[in-house]
Amino acid sequence: MATPASVVTLIDADLRRSFGARLHHLYADMDQAYRQVSAACGFICHGCDDNCCWSRFHHHTIVEYLDLQSGLASLTPNEREQISTRAVEAVKAPAQQRPPCPLLEDGRCRLYRHRPMICRLHGLPHRTERPDGTVLQGDGCPAFHARCGPARLRLDRTPFYRRMAALETQLRAEIGFSARVKLTVAEMIVAMGPEVDEP
Ligand code: SF4
């Protein structure tokens with residue numbers, strides 16, 4: 001069965017660049033929306049023990065897998081080796097140990113420009129409108145509510161989820177991939193291995 005690791009080897013440099021550029025356009029729009037809502041709420045993330053980097057979020061897209069791989073390829077072999085070792089340890093660790101994301105170094109994301117969507121959207125109260133019209137609402141992180149109180153504004157994730165789904169659908173159509181993806185950042189890095197091909 002095709003896996004993200006096997007299918008991305010079939011993606012040529014032009015396709016990788018094209019989808020990478022479109023993904024980063026989407027990421028820029030997410031970041032801007034996040035800044036607007038967090039500024040309106042008076043919330044600044046200073047980091048804490050309960051942030052996304054200590055959570056086992058799953059990621060579901062080949063387009064983000066591909067971009068994370070491009071980010072890893074920009075690092076030195078020694079850096080990649082260290083990150084890969086941490087990723088293997090994180091995957092092996094029991095969930096209750098809450099190992100940090102292998103990209104977390106000195107409290108900062110080593111591949112901040114390439115961090116996936118959920119890392120960008122985490123922390124603020126949010127709403128999502130599903131295709132059937134149902135609206136889901138989610139709380140902010142504990143630090144948000146400790147500093148800002150109950151949610152007065154919510155980040156609307158709907159347009160970003162829809163654009164991400166459209167981008168993913170287009171990439172999958174290009175490469176003929178239909179399998180479900182559900183991987184943590186650590187699992188993605190383990191799947192890529194320490195020898196990441198240069199994009
Ligand atoms: S990718 Fe970066 S921002 Fe996301 S969890 Fe890992 S260290 Fe944190």
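**Close-up views of a predicted model**

**View 1. R127 stands opposite Q137 in β4.** The structure shown is a predicted model, in which local features need a pLDDT of at least 70 and side-chain atom pairs count only at pLDDT 80 or more, whereas totals for chains, interfaces and linings use all residues. Residues are numbered from 1 along each chain as its sequence is written. Strand β3 (residues 126–129) and strand β4 (residues 135–138) pair in the antiparallel sense over four bridges; strands (E, at least two residues) and helices (H or I, at least four) are DSSP runs numbered from the N terminus, and two strands pair if DSSP finds at least two bridges between them. Five residues lie between the strands of this hairpin, and G133 takes a positive phi near 95° there.

**View 2. β3 also pairs with strand β5 (residues 155–156), here in the parallel sense and over two bridges.** In this pairing H126 stands opposite L155 of β5. The three strands form an open sheet in the order β4-β3-β5, with mixed pairing. Because β4 and β5 stand at the edges with a single partner strand each, one side of each is left without a neighbour in the sheet.

**View 3. T128 lies in strand β3.** T128 counts as partly exposed because it has 18 C-beta neighbours inside 10 Å; with C-beta atoms placed from the backbone, a residue is buried if 20 or more others lie within 10 Å of its own, exposed if 12 or fewer, and partly exposed in between. Leaving aside neighbours within four places in sequence, T128 is in contact (C-beta atoms, placed from the backbone, within 7 Å) with L136, R157, T158 and Y161. The C-alpha atoms of T128 and R162, which are 34 residues apart along the chain, are separated by 10 Å.

**View 4. Helix α3 (62–73) is largely enclosed by the rest of the structure, because 11 of its 12 residues are buried.** The buried residues of α3 include Y65, L66 and L68, together with E64, D67 and Q69. They are covered by elements that include α1, α2, α4, α5 (117–121), α7 (158–175) and α8. From its first C-alpha to its last, α3 reaches 16 Å, close to the 16 Å expected at 1.5 Å a residue, where the expected span is 1.5 Å times one less than the number of residues.

**View 5. Helix α8 (residues 185–192) is mostly covered, with six of its eight residues buried.** These are V185, A186, M188, I189, V190 and M192, and what covers them includes α1 (4–8), α3 and α4 (77–92). G193, which follows α8, has a positive phi near 75°.

**View 6. A186, M188 and I189 have the most contacts inside the largest nonpolar core, which has 28 residues.** Such a core is a set of buried Ala, Val, Leu, Ile, Met, Phe, Trp, Tyr and Cys residues joined through C-beta atoms within 7 Å. At least two residues of this core come from each of α2 (13–41), α3, α4 and α8. Apart from this core lies another, of 10 residues, among them V37, L121, F160 and M164. Not counting residues up to four places away in sequence, M188 touches H59, Y65, L68 and L183.

**View 7. The ligand is surrounded by C52, C53, C101, L103, L104, C109, R115, C119 and V185.** Residues are assigned to this shell if the C-beta atom, placed from the backbone, lies within 6 Å of the molecule. The shell divides into eight nonpolar residues, no polar ones and one charged; Ala, Val, Leu, Ile, Met, Phe, Trp, Tyr, Cys and Pro count as nonpolar, Asp, Glu, Lys and Arg as charged, and the others, Gly among them, as polar.

Note on methods:
Two residues are in contact if their C-beta atoms, placed from the backbone, lie within 7 Å.
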